[in-house]
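Look at the sequence and the model below before reading on. The paragraphs that follow go from the overall fold to the pockets, and then to the charged pairs.

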Amino acid sequence: MREDNAKIQMRKGILDYCILAILAAKDSYAPAIIAELKKAEMIVVEGTLYPILTRMKNAGYLTYRWEESPQGPPRKYYTLTAEGKEYLRSLDEAWDKLVEQINAIRGK
């Protein structure tokens with residue numbers, strides 16, 4: 001039980017980073033972002049994703065636009081802003097440093 005909780009907390013801690021990384025590759029809409037996260041086995045539901053997207057938009061890291069969809073209603077596509085790209089760059093550096101630190105502790 002504790003192990004599962006620890007893994008969940010670790011995933012939650014890096015979810016913003018993962019979402020920004022997905023959007024750095026290409027603009028996307030929520031269901032496609034969820035599909036990418038699930039493909040990487042970072043299971044996330046819409047109820048978790050939308051508040052994160054809203055928070056990051058309000059922080060100035062994302063913007064969005066509406067696009068007509070060939071299947072159903074228009075889709076809200078999210079895009080990284082210049083500030084979001086800079087924030088992602090700083091998270092990349094922090095991630096690399098963290099991995100280095102953990103590897104040092106683990107003796108690798």
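A residue is called buried when its relative accessible area is under 20%, exposed when that value is over 50%, and partly exposed in between, with a 1.4 Å probe and only protein chains counted. By this rule, 29% of the 108 residues in the chain are buried. The model is a predicted one: local features need pLDDT of at least 70, side-chain atom pairs count only at pLDDT 80 or more, and totals for chains, interfaces and linings use all residues. Residues are numbered from 1 along each chain as its sequence is written, and side-chain values use heavy atoms, with hydrogens and water left out.

Start with the fold. Helices (H or I, at least four residues) and strands (E, at least two) are DSSP runs, numbered from the N terminus. The chain contains four helices and three strands, and their order along the sequence is α-β-α-α-β-β-α. On a 1 Å grid over the protein atoms alone, a cavity is a set of points where a 1.4 Å probe fits but cannot get out, whereas a pocket is an open set with protein on both sides within 12 Å along at least five of seven lines; lining residues have an atom within 4 Å of a point. Grid points are joined across faces, edges and corners, and a volume is the space filled by probe spheres set on the points.

How much space lies in the largest pocket? The volume of the largest pocket is about 300 Å³. It is lined by 13 residues, of which Met-10, Gly-13, Ile-14, Trp-95 and Leu-98 are the closest to its centre. Helix 1 (2-25) and helix 4 each supply at least two residues of this lining, and helix 1 gives the most, with seven. For the classes, Ala, Val, Leu, Ile, Met, Phe, Trp, Tyr, Cys and Pro count as nonpolar, Asp, Glu, Lys and Arg as charged, and the others, Gly among them, as polar. The lining of the largest pocket then has nine nonpolar, one polar and three charged residues.

Leu-98 lies in helix 4, which covers residues 82-106. Leu-98 counts as partly exposed because its relative accessibility is 38%. Together with Trp-95, Val-99 and Ile-102, Leu-98 makes a nonpolar surface patch of about 300 Å². Patches are made of residues with over 30% relative accessible area and no salt bridge, where like charges are joined within 9 Å and nonpolar side chains (Val, Leu, Ile, Met, Phe, Trp, Tyr) within 5 Å. The areas come from the Shrake-Rupley method with a 1.4 Å probe, and for residues only the protein chains shown count as cover.

The second largest pocket holds about 160 Å³ of space. Its lining includes Tyr-29, Ala-30, Tyr-50, Trp-66, Arg-75 and Tyr-78. Helix 2 (30-39) and strand 3 (75-80) each supply at least two lining residues, and strand 3 gives the largest share, three residues. By class, eight residues of this lining are nonpolar, one is polar and two are charged.

The last topic is charge. Side chains of opposite charge can pair when their charged atoms come close. A salt bridge is a side-chain nitrogen of Lys or Arg within 4 Å of a carboxyl oxygen of Asp or Glu. The whole structure has seven salt bridges.

In one of them, Arg-55 pairs with Asp-16, and the closest N and O atoms are 2.8 Å apart. This pair links distant parts of the chain, since Arg-55 is in helix 3 (residues 46-58) and Asp-16 is in helix 1, 39 residues apart. Are the two partners buried or partly exposed? Arg-55 is partly exposed, because its relative accessible area is 44%, while Asp-16, at 17%, is buried. Helix 3 also holds Thr-48, which is partly exposed at 34% relative accessibility. The C-alpha atoms of Thr-48 and Lys-12 are 9.7 Å apart, although 36 residues separate the two along the chain.

Asp-27 and Arg-65 form another salt bridge, at 2.8 Å from N to O. Asp-27 lies in the loop between helix 1 and strand 1 (28-29) and Arg-65 in strand 2 (residues 62-67), so the pair ties together parts that are 38 residues apart in sequence. Asp-27 has a relative accessible area of 28% and is therefore partly exposed; Arg-65 is partly exposed as well, at 33%. Arg-65 also forms a salt bridge with Glu-67, with 2.8 Å between the closest N and O atoms. Glu-67 is partly exposed, at 29%. Through shared partners, these salt bridges join Asp-27, Arg-65 and Glu-67 into one network.
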